[in-house]
Amino acid sequence: MLKQTLQQKLLQKLSPQQIQFIKLLQVPTVSLDARIKEELEENPALEDGSLTNMTDPIEEYPDKDPDDNFDNEEGFDSDDLSLEDYIQEDDYKDYGNGYDYGDDDEDRKEMPVAIQHSFYEQLQEQLDLLALDDKHFLIGQQIIGSLDDDGYLRRPIINLVDDLAFGQNVMTDEQEVLEMLKVIQDFEPAGIGARDLQECLLIQLQKKDPNSPTIKLAIRVVADYLEEFTKKHYDKLEKSLGVSSEDLKNVVNEILKLNPKPGDSGAVAGKQLHIIPDFHISNNDGTLHLTLNGRNAPELRISRDYQHMFEHYEKSDQKDKKMKEAVQFVKQKLDSAKWFIDAIKQRQQTLLKTMNAIMEYQYEYFLTGDDRKLKPMILKDIADKIDMDISTVSRVANSKYVQTEFGTFLLKSFFSEAIQTDSGEEVSNKEVKKILEECIAKENKRKPLADEKLTEILKEKGYNIARRTVAKYREALNIPVARLRKEL
């Protein structure tokens, strides 16, 4: 049976402006230029103020939490916007004045990038130098194109035969492809074209001095005892090979010099990772000074041409249907431009407010750079300090970097849980990790410290934590277990 009912519901919804700001807040400085350029291309009512010579009064903008709902009645209802809204706020150049954004000239310098050949281009150049017939040249090209970025050939040979038949109309067999693969494996860098780690290491060893006893022994270890070698069962290797500890040490050192991923050096050549810090903290005689990267304060303004269109419509006596549709389009673009500028302004103020709170909270750490000075700090601590939502702080911390006098760090790295010492004092787990790292660095590598022993050392220092917690911290530091840290 169908019936109608009247029901009230209380729902929390994100406005388009709020969603836009949240997305902008997550964008790091290195990607902000591209995002602004995209908006400038999409919205003709938005202009780059740095291209104009206009100077207008600076407008103050109040702090807002992006995770608080916007109230449309307070200025975001497009139906209530009039021409005055755009004239009063028509130019947003220098709207960030009042904060130090560092040296703009320095920030806007372009970084030159060296022109380098890719990994595959280097191999192709070596293939071009060989005196090959068309068939073998195409087989070589197919092999090079089938290599992974680390230089390994993981595609089965029979599949390469099929690829050549269907893709290149080249009829061949596995034996012919294998012979061409041997030719590719002689290319530089050594170890290229291997089908597994063992073959990769053997190719590199076989290119070394064949008369060297150490090389001969290293080839035997890789060929017959690779599993024992990777698990560092050195006692078993000494017995099986009948060699002394000193001879085995020379063999191990020789194998460790080899490159397990020969293609990486070429594959990464064209993929340079460049971090642009969002903040900079300087130490001026014991006083910390925070600046925001100048790229976070772009000079944006609303187009005067679009304002004039809107003004013409306001003064026009004839307001037919086509003119109303046109002005509705203009108004939509003006609204979008105003909201984007508001979001950029709000973004930079939220970034500064959040980073300033983090700097004040970890003041001693930023003065010295000593991890043991880091205080326990969680997202809620900063959220309460700046009176914003935890998710807002999380968006800032997960994607922004700060440059200090002792390195550039992701903000997320300054957050840590608290651990209580025997004296009742709460310390950051980063402090425990630092001590753990120091203990392992100073250990006797012939007899590395097991997790149980590390737990005892930490307890002696007043950190009463379980062995499984020590193992968790060790893994977080990318430190292997004691057996894999053993050296001869």
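Glu47 is partly exposed, with a relative accessible area of 23%. On this scale, buried means under 20% relative accessible area, exposed means over 50%, and partly exposed lies in between (1.4 Å probe, protein chains only). The model is predicted: local features need pLDDT of at least 70, side-chain atom pairs count only at pLDDT 80 or more, and totals for chains, interfaces and linings use all residues. Residues are numbered from 1 along each chain as its sequence is written, and side-chain values use heavy atoms, with hydrogens and water left out.

Glu47 forms a salt bridge with Arg301, and the closest N and O atoms are 2.5 Å apart. This pair links distant parts of the chain. Glu47 sits in strand E1 (residues 46–48), Arg301 sits in strand E4 (residues 300–302), and 254 residues separate the two. Arg301 counts as buried, at 2% relative accessibility. A salt bridge here is a side-chain nitrogen of Lys or Arg within 4 Å of a carboxyl oxygen of Asp or Glu. By this rule the count comes to 17 salt bridges.

Other salt bridges follow. Lys338 and Asp342 meet through their side chains at 3.4 Å, N to O. They are 4 residues apart in helix H16, so about one helical turn separates them. In general, an α-helix has 3.6 residues a turn, so residues three or four places apart point the same way. Lys338 is buried at 8% relative accessibility, and Asp342 is buried at 4%. Glu443 and Lys445 also form a salt bridge, at 3.0 Å from N to O. Glu443 is buried, with a relative accessible area of 9%, whereas Lys445 is partly exposed at 24%. Asp148, Asp150 and Arg154 are linked in a network of salt bridges.

The chain as a whole has 22 helices and 8 strands. Helices (H or I, at least four residues) and strands (E, at least two) are DSSP runs, numbered from the N terminus. Buried residues make up 42% of the 488 residues. The chain exposes about 28,100 Å², of which carbon and sulfur atoms supply 47%. These areas come from the Shrake-Rupley method with a 1.4 Å probe; for residues, only the protein chains shown count as cover. Contact means heavy atoms within 4.5 Å. Of the contacts with a separation of 6 or more, 69% involve residues 24 or more positions apart.

Four strands form an open sheet in the order E3-E2-E5-E6, with mixed pairing. Strand E3 (287–292) and E6 stand at the edges, each with a single partner strand, so one side of each is left without a neighbour in the sheet. Neighbouring strands are turned by 25° against each other on average, direction ignored. Two strands pair if DSSP finds at least two bridges between them. Strand E2 (residues 279–284) runs antiparallel to E3, and 6 bridges join them. Phe279 stands opposite Leu292 in E3. Strand E5 (residues 401–404) and strand E6 (residues 407–410) pair in the antiparallel sense over 4 bridges. E5 and E6 form a hairpin with 2 residues between them, and Val402 stands opposite Phe409 in E6.

Helix H16 (residues 321–361) lies across E2, E3 and E5, and runs at about 160° to E3. Axes are lines fitted to C-alpha atoms, for helices over the stretch in contact, and angles run from 0 to 180 degrees between N-to-C directions.
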